[in-house]
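Visitor: I would like to go through this model with you, one question at a time. Could we begin with the structure itself in view?

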Amino acid sequence: MNIISTQEKAKSSFWRHLFWPRLRRNRMAMAGACIVLSMAILALLAPFLVRDPGHIDVTLRLQAPSLRYPLGTDDLGRDVLARILYGGRISLLVGFVAVGIASTIGTVLGALAGYYGRWVDGVIMRFVDIMLCFPSFFLILAVVAFLEPSIWNIMAIIGLTGWMGVARLVRAEFLSLRERDFVLAARAAGARDRRIIFLHILPNAFSPLLVSATLGVAGAILTESALSFLGIGVQPPTPSWGNMLIVGKQTLGSAWWLSAFPGLAILLTVLGYNLLGEGIRDALDPRLRG
Amino acid sequence: MVPLLLGITLVSFVVIHLAPGEPTDLQTQLNPEISAELQQRLRAQYDLDRPLLVQYGKWLGRLVRLDFGDSFSQDRRPVTAKIAERLPITILINVLSISLILAVAVPVGILAAVRRNSPFDRLTTLLVFIGFATPSFWLALLLMDLLGVRYGLLPVVGLKSLGYDYLSFPGRVLDILRHLVLPVFVSAFGGLAGFSRYMRANMLEVIRQDYILTARAKGLTERRVIGHHALRNALLPVITILGLSVPGLIGGSVIFETIFAIPGMGKLFYDGVMMRDYPLIMGILVIGAILTLIGNLLADLGYALADPRIRRG
């Protein structure tokens, strides 16, 4: 009991006294955190902030940005600002769920490969090699072709095609951690494999997982928007940044706000997650700093 | 190599067959005039009434002879022929964009590393993050709007102008080149950011080594230390990353070829997906993966050529 509480204290003091001050000092990371937080808040509070994103008023179609419609209206007279905020809910949802799926699969497979080694490792890592050979966008498109394009399918597919990096990372952590004394101690105390893997080793591999998940959200949002832009992701009338750009393409040259703002929303959000992710990496291990 | 190839075909096969619905659905369910008997015949024609393992075996057997079957589209041509006429365009664009990436990212990365924390370094770091976050299809839209529609400087659709056939030979080359400017730039954009960041990190790592200190101590000029001693070592890992970036580039070709209506493999794949052209999808999936393998192989060979330690080891 005593040992565990000392360990806990050491852990919390790492986050509070080393990690957090380092992150605070990193201006780029803080800028990223601000973007990430404000996007999340705006998306969550969208129903209280803006009009109904589905409200059609053809007398107000293709209005340039004004006080009443800060980001203009689209081809059906819908409020672009409202659609961007509601689209943000979709993008963030897809990003988080997809990364959750990818991290879970990657962690379990990587942990098994790293912990058991030998043929388990061989089989799993060959599978990873094979999956990495496919251009991921091809794989995603091929599956999408045979499924109904819905946000749930999109999340699942992005997650199912994006776990390989996580698996490699977790495996590498396990390879080095499994030789450490605390694992031997746990085993001597009679802990089973499952307990050692998930309760003793995995928590120590948390930091690299956090970094890859943060960067992964950015990647998933980019993929979702590209799919929606190609017409095989989130389907209208549900607003998403990607499918709003379809209208942007159709009105190219006449209504710049329809292509500018949804794209900017993607750029800012992805930028935020990338900056935050890199910042977390630097704060966890300053030696890695470029 | 061979087990990897076998795995690739197996995954492609499983991916398509795990999905609900059948490849012939588009021709049967959506066509009210089709009879049950014809439906059955269609299924038999594509072996869909046989067990999955048999289907896989037959497909693999034809694959070895480079026979991907006939496309489901109107023309019913062999998938191999359709891919063969589209593949060179995609490879050309990807080779051009890799060249552009290297030509820009290597010097930028070196300069940023040598002048670490200078205004130049800070500016490129900022640009790198923005480059990473820019969706390529959005960039394509903006450039089309600005350069194509508004100022009419560059063509934005297809590979050739309407009057292509009436042009002289140099005129034709120029015409295609003008059509390639935007697609190549868009497909290179993401890579530019990644590679210059990577090059910078490599260079920083190399400059710290003892042999650089030795070279400086010998009294060599800074130019020679960086351009000769450091550069060669910093470039080595780039070869590996080049190989690893092949799947990303090929996958990205779907996006820009669709936007710019370029008749390459990516556009072919997108159209195949829209039509549920199942032999075509399987064929391109396998070809895409094999291209990746070739990319990795070339990277390994290149590494061995460039690094005497591996060549002799």
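Visitor: How many residues does the contact take from chain B, and how many from chain A?

Guide: Please keep in mind throughout that this is a predicted model. Two residues are in contact here if their C-beta atoms lie within 7 Å. On that basis the contact takes 37 residues from chain A, and from chain B it takes 46 residues.

Visitor: Within H1(B), which residues are buried, and why do they lie on the same side of the helix?

Guide: Helix H1 of chain B runs over residues 2–18 and reaches 24 Å from its first C-alpha to its last, close to the 24 Å expected at 1.5 Å a residue. The buried residues of H1(B) are Ile8(B), Thr9(B) and Ser12(B). They are on the same side of H1(B) because they cover an arc of only 90 degrees around the axis.

Visitor: Which residues are exposed on the other side of H1(B), and what covers the buried ones?

Guide: On the other side of H1(B), the exposed residues are Pro3(B), Leu6(B), Val14(B) and Leu18(B). The cover over the buried residues of H1(B) draws on both chains, and it includes helix H4 (52–64) and helix H13 (278–306) of chain B together with helix H5 (118–133) of chain A.

Visitor: In the largest nonpolar core, which residues touch the most other members, and which helix gives the most to this core?

Guide: This core has 149 residues, of which Ala140(B) and Ile284(B) touch the most other members. Leaving aside residues up to four places away in sequence, Ile284(B) touches Phe138(A) as well as several residues of chain B, among them Met265(B) and Phe269(B). The helix that gives the most to this core, with 17 residues, is helix H4 (residues 80–116) of chain A.

Visitor: Why does Gln209(B) count as partly exposed?

Guide: Gln209(B) is placed in the loop between H8 and helix H9 (210–217) of chain B. A residue is buried with 20 or more other C-beta atoms within 10 Å of its own and exposed with 12 or fewer. Gln209(B) has 13 C-beta neighbours inside 10 Å, and therefore it counts as partly exposed.

Key. Residues numbered from 1 in each chain as written. Chains lettered and ligands numbered in written order. Predicted model: local features only at pLDDT ≥ 70, side-chain atom pairs only at ≥ 80, totals over all residues. Helix = DSSP H or I, 4+ residues; strand = E, 2+ residues; numbered from the N terminus. Expected span 1.5 Å × (residues − 1). Arc of directions from axis to C-beta. Core = buried A, V, L, I, M, F, W, Y, C linked by C-beta atoms within 7 Å.
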